[in-house]
Every structure is written in C-alpha cells, then in structure tokens.
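Here are my notes on the structure below. Please read them with the structure open.

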Amino acid sequence: MIGLLSIAIFLPTVLAAPTYLLGRKNAKVAKVMGVGTTLVVFAISILILVVFQYGQPGFQLSESAPWAASFGLNYKVGVDGISLPLLMIATFLSLLSAAGSWDQITFKHAEYYALFLIFETGIIGVFTSLNLILFYLFWEIVLIPMFFFIGIWGGPRRRYASIKFLIFTYSGSAVMLFGFLALYAWTGTSAYPGGPSFDYDVLAARIPSLALPLQLVVAITTFVGFAVKLPIFPLHTWLPDAHVEAPAPVSVLLAGLLLKMGGYGLIRYNLLLFPKAVTVLWPYFTTIGLITMIYGASVALVAKDIKRMIALTSVNHMGYVLLGAFTATVAGVSGAVFQMFSHGLAVGMLFLMSGYIHDHTGTRNIDELKGLRGKMPQTVTLLFLASMAAMAVPGFANFISEYLVIQGALSVSYLFAIAIVAPALTVGYFLWMLRRVAMTPGVGPRNELRLHSILILVAFLVPLLIFGVYPPPVLGSVITPTVEKWVGTIVALGAR
Amino acid sequence: MALLSLTPFLSLAVFGLLATPAGFLRFRNSKLGLAPFVCILGLVVALVSTVWLGFTSSSPVSFGGLRVDLFTLFFSGVLLIVAIFVTVASLQYMREDPNKGPFFGLLLLSTLGMIVLAGSMDLVLLYVGWELMSIPTYALTAFRKNDPNSNEAAMKFFVLSALSSALIVYAISLVFGITGSTGLTAIASALSTAGPDVRPFGVLAIVLFIVGFGVKMAVVPFHMWIPDAFEGAPVTIGAFLAAGAKMAAFAAAFRVFIVGILAFNVDFYSTFAIVAVVTMTVGNVAALMQKSFTRLLAYSSIAQAGYILMALATPFTTTNVPLGLAGGLFHVLNYAILKTAAFVAAAAITTKLSVTDLDSLNGLSRRMPQTSLSIAVIFLGLAGVPPLNGFFSKVMLFTGSIYSPYNWGGYLALAALVNSGFSMSYYGWVIKRMYFDEPADQSRIPEPRIYMAVLWAATILTFAIGLYPDPWIRLVQSAAAALVAS
C-alpha cells in the first residue's frame with residue numbers, strides 16, 4: 001500500500017519525464033505540467049495536514065518497505081511535528097517558485113521544469129525519510145538539479161557559482177556520510193542484537209549506549225555536513241555567490257528550502273540522536289550560531305546588491321536555528337523549527353521580489369533603485385511588508401520564532417543576551433535599504449508587476465501573518481509536542 | 001556435467017581461435033567481415049553460460065588449479081560485460097581498419113586470460129592467465145601501427161608490464177621455495193606453519209606480488225604507464241585495459257592474498273591501506289590538472305583503483321560477512337560498467353571531433369546531447385552520487401573499513417570519503433564544461449548509433465543497480481563468501 005508521503009515524494013519525479021518529453025516541443029506544456037504537478041503535490045500535503053493527528057509527538061503516516069535488506073537498508077518515511085512544518089513549506093514554496101518561474105525563466109523550459117520536479121522529490125524526501133542512507137540519497141538528489149539551475153539559468157558568474165556550490169556542498173556531504181557510516185558500523189557490532197542498521201528509530205534506541213568519544217566523532221562529522229548547508233560562518237562563502245547568481249525562483253528554493261535541509265539535519269540527526277555529545281558540544285555550536293548571526297547581519301549591512309543583501313540575511317537568520325537548536329530547551333528548539341518555517345516564507349518572498357524588480361528595472365543595485373516607489377508602488381508596499389517580516393516585527397511569524405530562540409538561549413545562560421545585537425543589526429540594514437529604495441521620491445514611468453505576480457507574492461504573506469498573529473496551529477499543536485518529547489529524552493539522559 | 005562449468009572458457013577459446021581466420025571472410029559487400037560477429041557470439045555464449053552457471057551450480061567445481069566458483073563466475077560476468085561493450089563499440093571504432101580479424105581474435109583471447117586469472121587456484125595457472133591476458137593487449141595497444149603515439153604507448157606499457165610479469169614469476173618461485181607447492185590451498189597450509197627463518201623470504205614475496213599486481217592495477221607509484229597507454233591506444237582498447245585488465249589483476253590479487261597469503265599472518269593490510277590512500281589522492285589530484293579527456297579518465301581510474309584496494313586493506317574474520325571485500329567486488333562491477341562507458345563516450349567524441357582535449361568538450365551538450373547526458377550520469381556515478389551504482393559500493397567499502405579491527409580503519413574511510421568529495425571537483429568540472437560553457441562551434445554532430453547503444457545500456461544499468469541494489473549486494477556477498485571459503 002503506497003501512502004500519502006510516498007506519493008508526495010515520488011509523484012514529481014514520475015511526472016518529470018513526461019514534462020521533459022512533452023515540454024520539449026512546446027514550452028507552455030512544460031510550464032503547465034510543472035506548475036500543475038507542484039499544485040497537486042501541495043494538495044497532497046494539505047491532505048497530509050488533514051490526516052495528521054495534532055498533539056501527538058511521534059512519527060505519523062509512517063511507511064516502510066524492504067529496499068536492500070542485505071545491507072540493513074529499508075525504505076522508511078514518516079512525519080512528526082518537526083518535519084511537518086518543513087514539509088508544508090517545501091510543497092508551498094515549490095508551488096510558488098514554480099509559479100514565479102513562469103515569467104522569470106525564459107529558455108529551456110522543459111529541462112527546467114523536469115529538474116524542478118526532481119528537486120521537489122529530493123526536498124520532500126529529505127524532510128520525511130527515516131533511514132540515514134535514504135536521507136543521504138534525497139540530500140544528494142537535491143544537489144544535482146540545483147547545480148544545473150545555477151549553471152544554466154544563472155547570472156553572469158553562474159559557472160563559477162555553480163561549481164563552487166557543488167564542491168562545497170558535496171565535500172560537506174562526504175564528511176557527513178562518514179558520520180552515518182561510522183554510526184552504522186559502531187552500532188552494528190555484536191553488542192547490539194538485531195544487526196547493523198541505518199534505521200532512524202533503531203539508531204535512536206542504540207546510541208545512548210554508544211561510548212561518548214564515538215558519539216562525539218559522529219556528531220562533529222555530521223555537523224560539518226549540515227553546517228555547510230546551513231551555512232555557518234567560515235563555511236558560508238558558497239552561499240552569496242550561489243544565491244546571487246541563481247535565477248530568482250531558484251534563489252527561493254535555495255534560501256527557502258535548501259538551507260532548511262541543514263537546519264533540519266542539525267535538529268533531527270545531530271541534536272536528537274546524540275544527547276550525550278550535545279552536553280559537550282553545545283557551547284561551541286551555539287557560539288558558532290551566535291557568530292553566524294552577527295556576522296551575517298554585519299556583512300548584509302554593506303551589501304550593494306539587493307539580492308546579495310537578502311542572501312546574507314539568510315546567513316544571519318539561519319544562525320538563530322543553530323543557536324536555538326543547541327540550547328536544547330523546548331523554547332529554543334521549537335523556535336528553531338518555527339524560524340525555519342517563517343524564514344523560508346519571508347526570504348522566499350524577498351528573493352522572488354528581487355527577481356521581479358530586476359526584470360522590471362534592469363538593476364539590483366540598491367543605489368540605482370532609488371525612486372522605485374514611482375515605478376512600482378504596489379511592489380514597494382510588498383517589499384515593506386516582506387522586510388518587516390524579515391526584521392521580525394511583531395505580528396509576523398518571524399517575531400515569534402526569533403523571540404523563542406532568544407528566550408531559549410537566555411534560559412540557558414545570560415551571556416546569550418548578546419544575541420540581541422543581531423536583530424538590531426537586521427532592522428538596521430533593512431531600514432537603510434528601504435530608505436534608499438522606497439522612501440526616496442518616486443521617479444520614472446509606472447512599470448508595475450502584473451496581477452498574477454502580485455498574487456504570488458501575497459501568497460507568501462498569508463501564512464506569515466496568520467501564524468504571526470495566532471501561532472498555536474503550528475507551534476502548540478504540531479511543533480511543541482514533538483520537541484517536548486525529544487527534549488524530555490535529552491534531559492532524562494542528563495544533557496541539561 | 002562438471003565439464004559444463006568450463007563452457008565460458010571453452011567458448012572464448014574456440015571462438016577466439018576462429019575469429020582471426022573469420023576476418024578474411026566477409027558477407028557480399030559488407031565492410032565489417034565476419035570476425036566481429038564471431039567475437040560477439042563467443043562472448044554472448046560465454047556470458048549466458050556464466051549467468052546460467054551462477055544460477056544453477058550450487059557447489060564449486062575444481063579442475064586441478066582452475067576453480068569455478070561464484071567468485072570466478074562473478075568476475076567472469078563482469079569481464080564479459082566489459083568485453084561485450086568494448087567489442088560492440090569497436091564495431092564502429094574499427095570500421096575502417098583492414099585488420100579486424102586479429103583485433104577481435106586477440107580481444108577474445110585476452111578476455112579468456114582474464115577469466116582464467118579469476119579462477120586460478122594455482123600460481124602457475126595464474127601466471128599463464130596473466131600472460132594470456134597481457135600479451136594480446138600489447139598488440140592491441142599498438143594496433144594503429146602507423147601511429148607513433150600508439151607505438152609509444154605500447155612500448156611503455158610492454159616494458160612495465162613485462163617487468164611486472166617478471167616480478168610475479170620471482171614471487172611465485174620464492175613462494176614455491178618456502179612452501180614446496182604452487183597450489184594456493186597448499187601454500188596457505190604451509191605458510192600457516194612456516195617458521196621464522198623463512199619469514200624474510202615470505203615478506204619479499206609479498207612485496208613482489210604487490211608490485212607485480214600493482215603495475216596492472218595501476219596503483220601509485222606504478223601508475224605512470226596508464227595515462228600514456230590510455231591516450232595512445234585505440235580508445236576502445238583503453239576501455240578494455242582500464243576496466244578489463246585492471247579488474248582481472250584485482251581478481252588475481254584477491255585470490256593470491258586472501259586464499260594464499262592470508263595464512264602467513266603478515267600485516268599486509270596496512271601496506272595496502274597506505275597504498276590505497278596514496279593512490280586515490282594522487283589519482284584525484286592529478287585528474288584535476290589534466291587537459292585531455294582520456295588522461296582525465298586515466299587518472300580517475302587510478303583513483304578508483306585506490307578505493308577498490310581498500311577491500312584488501314580490510315581484515316575480516318571468517319565468521320563475519322566480509323563487508324569490505326563484498327564492497328570491493330561490488331565496486332569492481334560498478335567501476336567496470338562506468339569506466340567502459342566513459343571510454344566509449346570518449347571514443348564517440350574522438351571519432352567525431354578527432355581531438356580529446358577538455359576544451360573541445362565545451363558546450364558539448366548542445367552538439368552531442370546523448371553523449372553528454374551519459375557522460376554526466378557516468379561521472380556522477382564515479383563520484384558516488386546516489387542513487388547511482390557507484391554510491392552503494394563505496395558505502396560498503398568505506399563501512400567495511402570502519403569495521404576494521406585496526407584502529408586506523410576509520411581514518412582510512414575518512415580519507416577515502418574526503419577524496420570522494422574532492423573528486424567531484426573534476427567530475428563536476430567536466431559536466432560544467434559540457435552544460436554551462438559556450439561551444440566554439442554550435443553545429444550539431446551526429447552521434448553514431450552503436451556507441452549510443454552501449455552508452456544507454458551502461459546508463460540504464462547504472463540507474464538500475466543504484467535504485468535497487470539488493471540483488472547485486474547479495475551477489476557480491478556470496479562471491480566474497482565463495483572466495484573466503486576457497
């Protein structure tokens with residue numbers, strides 16, 4: 001019996017082939033099939049929301065099937081309160097990004113949408129798989145379409161950006177894979193009945209009895225892999241290049257989803273699997289998170305290209321995820337998960353908008369965008385709203401998530417009060433950007449976005465505002481129960 | 001009935017001898033002549049009988065020094081697939097050559113040598129197989145006799161290869177001196193009780209074996225001939241050397257070390273571990289610096305040999321499933337498919353563009369879309385991206401290494417994984433050239449159907465093994481078990 005999750009994972013890839021073959025002759029067919037498939041997958045994810053039992057901490061809608069039993073591999077997927085919000089933004093952002101690509105991708109439509117659908121399979125798979133090798137498989141599937149997206153449809157420095165992206169993330173994954181394999185080998189000895197396994201639940205049960213040095217090795221190596229994707233401070237240099245050179249809808253995927261893979265991996269595999277290692281490592285990891293937050297914000301302050309600025313916001317905002325996750329408190333971890341959800345939407349909206357602005361004005365340079373209000377008044381209003389979301393103004397979901405992260409951090413140590421510098425800097429660079437772009441007197445003839453583009457942008461705002469004003473449907477009934485359960489386990493093991 | 005297990009060997013021998021004279025016959029006006037078809041027929045008969053034997057024969061059959069067990073059949077299957085791909089691609093590549101008869105005859109006889117190598121349990125037979133494999137390949141490398149590059153390549157290859165044969169003979173004679181036998185089983189039992197006085201000679205024999213096999217396996221520092229030979233030889237013969245001869249040398253090394261020398265209780269594992277790390281690192285770093293496609297393939301094949309060598313660096317107990325060894329065999333299979341296909345793609349490019357420098361690959365996706373797509377898939381497979389076949393064999397190899405009782409096992413695996421990550425830089429670079437760079441010449445190039453057939457077959461196999469690896473993992477596990485049991 002094939003369940004909803006498997007359909008959501010594999011439907012896009014199954015339809016990728018007809019999309020390519022039929023779309024080769026007629027670009028419109030490729031567009032319709034691409035957007036249509038993402039719409040269907042979004043509908044399936046809504047169905048998952050309906051079937052999901054709220055308030056339950058465990059994995060739901062689980063499916064498992066034999067895959068390569070001779071090597072301890074099984075196909076196993078499921079969602080819990082941590083993966084469900086990410087699954088939802090994966091399908092939602094894929095839909096909006098596919099719709100945004102309608103205008104912004106201008107050639108090779110068949111190839112683009114086929115790769116897009118393969119990407120969607122990968123990203124949904126990452127957030128739902130419960131087997132380490134399956135997870136790695138989807139993790140890498142995401143990489144290849146992204147490489148082509150940047151390299152073929154990207155900006156002037158696309159070749160450099162694409163190969164840099166590929167080498168950075170692939171090397172990071174290789175180190176991460178070492179952690180997975182070591183875990184398999186070290187928990188596969190005769191001391192553990194049942195034979196070696198890559199199964200998430202089996203490993204979660206076995207790891208507490210694994211010696212601490214071995215746990216540390218695995219925790220650090222997997223951290224490297226996730227940290228490259230997140231990205232953290234010294235390993236982030238691929239990000240500005242990739243985000244700036246990628247076409248805007250792909251930047252939505254990069255910032256909105258690809259970075260979340262790192263955050264999700266950190267929480268699901270690093271934090272939850274290695275409670276004992278976390279007791280040793282959390283001061284380092286949270287410090288790195290703090291540095292990443294402040295560094296990202298400071299560099300964004302001096303960015304001249306609006307897209308580069310948005311890209312660096314991501315570095316800034318993903319630092320919160322790292323900080324929140326490794327406080328290992330209910331507030332911090334819930335905040336980190338919620339931050340991934342809300343940041344995905346806010347930054348996705350900003351990136352898509354930067355693409356539209358570039359298409360309509362021919363530039364992304366903040367200084368040259370002066371007087372945008374005259375040309376695109378509605379877009380400027382939306383830019384204001386999206387910036388407010390990214391600045392974490394109360395009323396937007398981002399406020400709640402960042403508040404939770406900082407609350408969690410402060411409950412651990414008052415030294416984390418320094419974290420408050422980051423939101424202050426964030427507000428600084430956004431307001432400065434808005435002052436230059438939007439608050440200058442309008443010049444030039446009106447050149448507004450078409451209605452459907454405006455609607456796509458507004459669609460990003462809806463969940464941000466709804467869950468910003470009333471977060472319980474996401475936070476209280478989905479994220480927190482699961483986080484409470486896992487944090488409870490961690491606390492019981494003496495992590496804090 | 002037992003004689004039936006010799007069918008693959010007999011088929012290759014008979015058709016191999018028939019192919020050369022068949023080269024003089026031709027159908028009416030056909031340019032091709034009969035030789036290639038005799039060759040393909042022989043290979044297909046051998047492959048079908050190998051597969052059939054693999055499914056039906058439950059217990060291994062021995063004919064003196066020749067042992068037909070699952071290990072032999074596994075290598076025989078891999079090498080025959082390589083030979084079939086090479087032969088089919090050569091149909092196109094050698095189309096204009098007047099001497100097709102000897103070419104295909106030699107190809108078959110060399111394949112026979114390789115299979116004998118995989119099945120030999122006696123060092124003398126092993127040497128016979130070794131020479132039967134090597135001598136035809138010298139001639140095949142020098143097949144373009146008016147081409148100085150081809151001659152230079154063959155000369156280099158011949159000198160080093162002859163040296164390796166000599167070293168192996170020396171090693172065999174030392175082992176015979178110590179144990180009084182050339183059969184591997186007898187050697188194992190004699191070595192397990194060998195006194196300390198013969199130890200130095202035994203160690204010397206091991207070193208000589210490592211060097212002798214190492215030349216053919218192309219491990220650093222005995223790899224120098226590989227890039228020149230692959231570049232100078234006809235490209236399809238490059239595939240035959242890279243995927244066929246090299247893997248056969250691994251088969252021989254597996255037999256000799258795991259059946260025979262294991263009993264000697266000498267730590268050859270750390271030697272192999274060091275050689276493996278050096279080999280993969282040198283291969284990967286050098287590959288990044290290449291300007292020619294075939295040389296890049298040559299260095300990438302050196303790096304891949306480093307991964308396979310990890311199987312010999314992983315000690316195992318007979319009670320355990322030898323995961324590293326099974327992974328090594330799995331990588332032999334995957335590497336053979338991927339590398340043959342990569343060389344066939346190179347053949348397609350050289351046939352049409354007549355150059356192989358990497359600059360000519362720029363924008364190739366617009367000129368030769370099918371070739372480019374298959375190169376991309378093959379390279380991702382070689383880099384070990386899931387869900388392609390190379391991923392699972394690497395995972396098994398590396399996990400096996402972590403399982404190793406030596407505490408350096410984990411470092412070896414980490415070094416291999418870092419190498420694997422690094423290798424993406426040149427594999428990705430080629431993909432970048434093909435897909436992202438602008439071609440100097442936009443014209444579409446017709447892609448020969450025969451090459452495309454091989455490339456598509458390899459691409460489909462790559463995906464099929466990668467998506468559902470279970471039966472293949474079972475196969476290599478039983479092949480590894482058969483080797484350990486022999």
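1. Which residue in the turn of the hairpin formed by strand 1 of chain A and strand 2 of chain A has a positive phi? That residue is A:G72, with a phi of about 70°, and four residues lie between the two strands. Strands here are DSSP runs of E of at least two residues, and helices are runs of H or I of at least four, both numbered from the N terminus.

2. This is a predicted model, in which local features need pLDDT of at least 70 and side-chain atom pairs count only at pLDDT 80 or more, while totals for chains, interfaces and linings use all residues. Residues are numbered from 1 along each chain as its sequence is written, and chains are lettered from A and ligands numbered from 1 in the order in which they are written.

3. Strand 1 (residues 60-68) and strand 2 (residues 73-79) of chain A run antiparallel and are joined by six bridges. Strands pair if DSSP finds at least two bridges between them. A:A65 has A:Y75 in strand 2 of chain A as its bridge partner.

4. The contact between the chains takes 28 residues from chain A and 31 residues from chain B. Two residues are in contact if their C-beta atoms, placed from the backbone, lie within 7 Å. On the side of chain B that touches chain A, helix 16 (389-403), helix 17 (409-436) and helix 19 (470-485) of chain B each supply at least two residues. Helix 17 of chain B gives the most, with 15 residues.

5. The model scores ipTM 0.92 and pTM 0.94.
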